[in-house]
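Hi,

Here is the model I promised to pass on.

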Amino acid sequence: MMKKATFRKIIWANVIIFPIFVVKLIYYPYAFAPEELAKAMTLYEELKPLTDNFVLILALLAFIAFIVSLFLLYKFNDYGRQLFIVSNIVMSLFVFSDGYVVFDSLEYFLVSISTAIIGFTIAISYFSNLSKEFKKKK
């Protein structure tokens, strides 16, 4: 039996893992990758063209929708569940807007944990006893 407090902790886990992932990407992009691979990927990233503005705006809108959906989920709003699923689908489609992507082991671990938490959040919000707590706000 899932409690509201436990579900809210899972929402906080969604919030907390994102800054950890961003810090890892900015300051330690290939920290655990072999040295030759890290050099090759750094060179590749320097030579590839910048992402166009349209994709950046869509990514920003998807991120804002993700944050809003977490807030609505925290308040047990039904629209939060729907927005959470849509924003995660849209964010997962951004994989196709980039070229080659290489993960080191820590990054792969963070992505796996994040994906599991997102899936767990969706499953709990729809298939647990808490699903009755979500009410449509008019």
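Below is what I found, going from the overall fold down to single residues.

A word on ground rules: this is a predicted model, so local features need pLDDT of at least 70 and side-chain atom pairs count only at pLDDT 80 or more, while totals for chains, interfaces and linings use all residues. Residues are numbered from 1 along each chain as its sequence is written, and side-chain values use heavy atoms, with hydrogens and water left out.

**Overall picture**

The protein chain has five helices and zero strands, and its elements run α-α-α-α-α from the N terminus on. Helices here (H or I, at least four residues) and strands (E, at least two) are DSSP runs, numbered from the N terminus. The C-alpha trace spans about 50 × 30 × 20 Å along its principal axes. Of the 138 residues, 29% count as buried; buried means under 20% relative accessible area, exposed means over 50%, and partly exposed is in between (1.4 Å probe, protein chains only).

α1 has 24 residues and reaches 36 Å from its first C-alpha to its last, close to the 34 Å expected at 1.5 Å a residue. The expected span is 1.5 Å times one less than the number of residues. Its buried residues are Phe7, Ile10, Ile11, Asn14, Ile17, Phe21 and Lys24, and what covers them includes α3, α4 and α5.

α5 (residues 105-127) has 23 residues and should span 33 Å; its end C-alpha atoms are 32 Å apart, which agrees. Buried in α5 are Glu107, Leu110, Ile117, Ile118, Thr121, Ile124 and Ser125. They pack against α1, α3 and α4.

**Aromatics**

How many aromatic pairs does the structure hold? There are seven. Rings of Phe, Tyr and Trp (its six-membered ring) pair if their centres lie within 6.5 Å; planes under 30 degrees apart count as stacked, over 60 as edge-to-face and the rest as tilted. One of the pairs is Phe7 with Phe76: the ring centres are 5.5 Å apart and the planes sit at 40°, so this pair is tilted. Phe7 lies in α1 (residues 4-27) and Phe76 in the loop between α3 (53-74) and α4 (78-93), so the pair ties together parts that are 69 residues apart in sequence. Both ends are buried, Phe7 at 0% relative accessibility and Phe76 at 4%. Ring pairs also bring in Phe134, which forms a cluster with Phe7 and Phe76.

Phe76 has two further features. Its phi is near 60°, a positive value in a residue other than glycine. For background, most residues other than glycine have a negative phi.

Asn88 is in α4 and is buried, with a relative accessible area of 12%. Its side chain reaches the backbone oxygen of Phe84 at 2.7 Å. That is a polar contact, meaning a pair of N or O atoms within 3.5 Å; within protein, one must be able to donate a hydrogen and the other to accept it, and residues adjacent in sequence count only if both atoms are side-chain atoms. Leaving out residues up to four places away in sequence, Asn88 touches Phe66 and Ile118.

Ser69, in α3, is buried at 0% relative accessibility. With the neighbours up to four places away again not counted, Ser69 touches Gly80, Leu83, Phe84 and Ser87.

Cheers

Note on methods: Contact means heavy atoms within 4.5 Å.
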